[in-house]
Amino acid sequence: MFAIVLVGGFGTRLRPLTEHAPKQMLPVCGIPMIEWVIGHLADHGVQKVGLAMGYRPDAFVDAYPDGRIAEIPYQVAVENEPLGTAGAVRFAVEHFQTEETFLVLNGDVLTDLDIGSLVRFHHDRGAAATIALQPVDDPSSFGVVTTNRDGQVKEFIEKPEQSFAPSNNINAGTYVLEPSVIEQIPAGRQVSIERETFPKLAAEGALFASPSSTYWLDTGTPQQFIQANLDVLKGKRNKRPPLPIANFHQSSIITESVIGTGSTVGVDATIERSVLLNGCQIGSKSTVVDSVLSDEVRVGEGARLESCVIGFGQRIEPGEILIGERRPDQDSI
Ligand code: GDD
Ligand code: MG
């Protein structure tokens, strides 16, 4: 089966981590998110993927020059300007000349969803499009879906006010689509699959949705990105790769954190619920909590960072206290 992975978003909520790389190239326990996403597809029999992208396409092509990601051959469809989630699907289908039932994935979702059973559900109902659903506590930042007993979608409401959300089942960002759906997507302008295409298909009775309650996480925010790393660390996923190799002083206290290759953590330093990418240097007696540090960040002695996102190559002065700050990459100041 063929899968289109949407990777064209700007990753705004993860800035500055996404200043130089699309969010799908950020590592989750040392492995770029795109490899988690495509590796999962490979485990479920997908044989080829198309990356629908616009923002920084070179980042993927440079990282995977042999044309394979997680051993699956990939091709790219590069939009000249962002076409929105449906516009990007239309563009990719035309570009790849897709003529059979295919998958579409939001490229920032990590899940252990059983794709084979989603595809069977889709065919059993003769659907034009089928969405995987996930139950969440707060549906307000997602696409909210209601269905009848057979799974036919009654309503699809993208990001409703919480008080208006008619269900806790949300669009999990994995779709099975028939090529005929493309005719429903206007050409030549931005089109959102969530705001236009799905509500229209639902009104026609052609949209179905299948509930699941497997591991699922959207990694769009810094806290979710930390969560994605911790979930792998704690064995909540089907796979647990070897952890990156960092250097910790024996007096340092590191809890619920992932620390990238070549990073060093000094005497009596504390790191809690944080992700440090590669080559970071954490000075003695400093504290990093609920934060993400990009590559090669240096934290001076006795500094304290809480709920921060720190860009590539930044220097945090000794004794500095930062709470809830985002610092851009060193070279973009
Ligand atoms: N190629 C391309 N072009 N990709 C795009 C574009 C575009 O114009 N716009 C967004 N994308 C990609 C993003 O890179 C991401 O992988 C995916 O489409 C979804 O965009 P997000 O910006 O991450 O959307 P969201 O997280 O706010 O909401 C979406 O995901 C939720 C589940 O995680 C929606 O699909 C919701 O309905 C859903 O519940
Ligand atoms: Mg998202």
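Here are some questions and answers on this predicted model, covering its ligand site, a few strands and a helix, and its cysteines.

Residues are numbered from 1 along each chain as the sequence is written, and chains are lettered from A and ligands numbered from 1 in the order written. Local features need pLDDT of at least 70, side-chain atom pairs count only at pLDDT 80 or more, totals for chains, interfaces and linings use all residues, and side-chain values use heavy atoms, with hydrogens and water left out.

Q: Which residues come nearest to ligand 1?
A: A residue is near a molecule or strand if one of its heavy atoms lies within 4 Å of it. There are 28 residues around ligand 1. The ones that come nearest are Glu79, Glu158, Asn171, Glu194 and Asp218.

Q: How many Å separate an oxygen atom of ligand 1 from an N or O atom in the side chain of Asn106?
A: Polar contacts here are pairs of N or O atoms within 3.5 Å; within protein, one must be able to donate a hydrogen and the other to accept it, and residues adjacent in sequence count only if both atoms are side-chain atoms. A ligand oxygen lies 2.8 Å from a polar backbone atom of Gly84, and one lies 2.8 Å from a side-chain N or O atom of Asp108. For the side chain of Asn106, the value is 3.0 Å.

Q: What share of ligand 1's exposed area does the protein bury?
A: Accessible areas come from the Shrake-Rupley method with a 1.4 Å probe; for residues, only the protein chains shown count as cover. Taken alone, ligand 1 exposes 740 Å². The share of that area buried by the protein is 90%.

Q: Is Glu158 buried or exposed?
A: Glu158 sits in strand 11, residues 153–158. Buried means under 20% relative accessible area, exposed over 50%, and partly exposed in between, with a 1.4 Å probe and protein chains only. At a relative accessible area of 13%, Glu158 is buried.

Q: Which residue's side chain joins that of Glu158 in a polar contact of 3.1 Å?
A: The side chain of Glu158 also reaches a backbone atom, the nitrogen of Gly143, at 3.5 Å. The 3.1 Å contact is between two side chains, and the partner of Glu158 is Lys159.

Q: Why is helix 1 largely enclosed by the rest of the structure?
A: Helices (H or I, at least four residues) and strands (E, at least two) are DSSP runs, numbered from the N terminus. Helix 1 covers residues 33–43, and its buried residues are Met33, Ile34, Trp36, Val37, Ile38, Gly39, His40 and Leu41. The helix is largely enclosed because the buried count is eight of the 11 residues.

Q: Which residue with a positive phi follows helix 1?
A: The phi in question is near 90°. The residue is Gly45.

Q: Which residue in strand 6 stands opposite Gly50?
A: Two strands pair if DSSP finds at least two bridges between them. Strand 4 (residues 48–53) is mostly covered, with five of its six residues buried. It runs parallel to strand 1 (residues 2–6) over five bridges, with Phe2 opposite Lys48. Strand 4 also pairs in the parallel sense with strand 6 (residues 72–78) over five bridges, where the residue opposite Gly50 is Gln75.

Q: Which residue in strand 13 stands opposite Ala129?
A: Strand 13 (residues 207–211) has four of its five residues buried, so it is largely enclosed by the rest of the structure. Strand 9 (residues 129–135) pairs with strand 13 in the parallel sense over five bridges. Opposite Ala129 stands Leu207.

Q: Which residue of strand 22 stands opposite Glu272?
A: Strand 19 (residues 270–272) and strand 22 (residues 287–289) pair in the parallel sense over three bridges. The residue opposite Glu272 is Val289.

Q: How many disulfides does the structure hold?
A: A disulfide is a pair of cysteine sulfur atoms within 2.5 Å. For Cys280, the nearest cysteine sulfur is that of Cys308, 13 Å away. Cys280 counts as buried at 0% relative accessibility, and Cys308 is buried at 1%. The number of disulfides is zero.
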